[in-house]
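Dear colleague,

I am handing over the structure we spoke about, with the sequence alongside. Please open it before reading on, as the notes below are meant to be followed on screen.

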Amino acid sequence: MGSLLLIAVVAYVAGRSIVGSLARLAEAANSIAAGRLRERVPIKGRDEFAALGRAFNKMAAQLEARMDELEKERRRLREANARFGDALAATLDAEQLRRVIVESAVEATHADGGVVIAEDGSFVETGDVGAGGARLDFELKAGLRSFGRLLLVGEEFDVEERMIAASLAGQAVVALENARLHQMVERQALVDGLTGLANRRQADASLATELTRAERLGGPVGLILADVDDFKLVNDRHGHPTGDIVLRDLAQALHETVREIDTAARWGGEEFAVILPGTDLMGAAHVAERVRQALGERGLVSAEGVPLHVTASFGVAASEPTTTMSELVEAADEALYRAKRAGKNRVYAGTEQVTQM
């Protein structure tokens, strides 16, 4: 009886120990399953349950380390995406956008290098794009409009990195399309749609800027106002399409004659203006005379194919140190009025005729 009682006590104690160890393992496993990865099993002794506990703790530590790495990677990707979005929103310049796109894509996918190739053949690259290995190639396309291609090069790309690259490419297309639309709106706000020259708004801003610079640094600013002679008669005889041809031709003559630093603009209707920084009255008059002669030598044809001879009159003025914008415009307008009254197809600088007829 004593032996049986001893065996029963030993069995009970061993059973409680086994059940307790299993209960602690189950509790730790449930904690890890619930996301509490710091949970560990207390280890006592050197038996098989202690070995199982050490293996469990090692597995939990490795899982915790892996989750920390994944969290750091997710944080890095979130920050990269945030920087990418901020950069895309901060610039509407296509060249800067391409650089932001390729650098962000390379960073987010751990690529060795990348390149964005525009439709015109220009490109922006970073890293080593000549390395071998895997390649990711995305066409940056919105509808029927293509903005080029994004190419990433690396040793290998896993599924997540491919998804990230595709997502960034999609965001890049939206940003490039927004930049294109912004440039169109900006151009429409500052450029005359018919002639391609600066419009009145841009001309006013340019003239004000040049007068301010001349006041600060010294030197004159020349202003030419040009008006197509008998433009209403051209429209009445040949129609408005021919009138548009005449305006575009005068604009072309201005564009081919003036310097890059000058601003040629459609002042309004059939009237044009040229702003000439650092140019005195006689210098501006000579420019106007060259434009007048160039226009007279051009062979124009109406929309119906009828040959046309079109001329223009020019009024020229130049600023003094204290000349205001309104005074300069008024002086050029008065000179243009004199040219019209004197018979048209001529250049007047102030009260003096410059044209050699």
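**The sheet and the helix on it**

Strand S1 (residues 113–117) and strand S4 (residues 145–154) are joined by five bridges and run antiparallel to each other. Please bear in mind throughout that this is a predicted model. Within that pair, Ile-117 is placed opposite Arg-149 of S4.

The two strands belong to an open sheet of four, whose order is S2-S1-S4-S3 and whose pairing is antiparallel. Its edges are formed by strand S2 (123–127) and strand S3 (134–142), each of which pairs on one side only. If direction is ignored, neighbouring strands of this sheet are turned against each other by 10° on average. Helix H3 (residues 94–109) packs on the sheet, where it touches S1, S2 and S4, and the direction of H3 makes about 30° with that of S2.

In the loop between helix H2 (48–90) and H3 you will find Asp-93, which counts as partly exposed because its relative accessibility is 34%. The C-alpha atom of Asp-93 is 8.8 Å from that of Arg-180, although the two residues are 87 places apart along the chain.

Which residues of H9 are buried? They are Leu-328, Val-329, Ala-332, Ala-335, Leu-336 and Ala-339. These residues cover an arc of only 125° around the axis, and therefore lie on the same side of H9.

The buried residues of H9 pack against several elements, namely helix H5 (200–217), strand S5 (221–228), strand S6 (263–268), strand S7 (271–277), strand S10 (312–318) and strand S11 (347–349). After H9 comes Gly-343, which has a positive phi, near 125°.

Asp-227, which lies in strand S5, has a relative accessible area of 13% and is therefore buried. Apart from neighbours within four places in sequence, the contacts of Asp-227 are Glu-270, Glu-271, Ala-312, Ser-313, Leu-336 and Lys-340.

Terms used: Residues are numbered from 1 along each chain as its sequence is written. This is a predicted model: local features need pLDDT of at least 70, side-chain atom pairs count only at pLDDT 80 or more; totals for chains, interfaces and linings use all residues. Side-chain values use heavy atoms; hydrogens and water are left out. Buried means under 20% relative accessible area, exposed over 50%, partly exposed in between (1.4 Å probe, protein chains only). The arc is that of the directions from the helix axis to the C-beta atoms. Contact means heavy atoms within 4.5 Å. Two strands pair if DSSP finds at least two bridges between them. Axes are lines fitted to C-alpha atoms, for helices over the stretch in contact, and angles run from 0 to 180 degrees between N-to-C directions.
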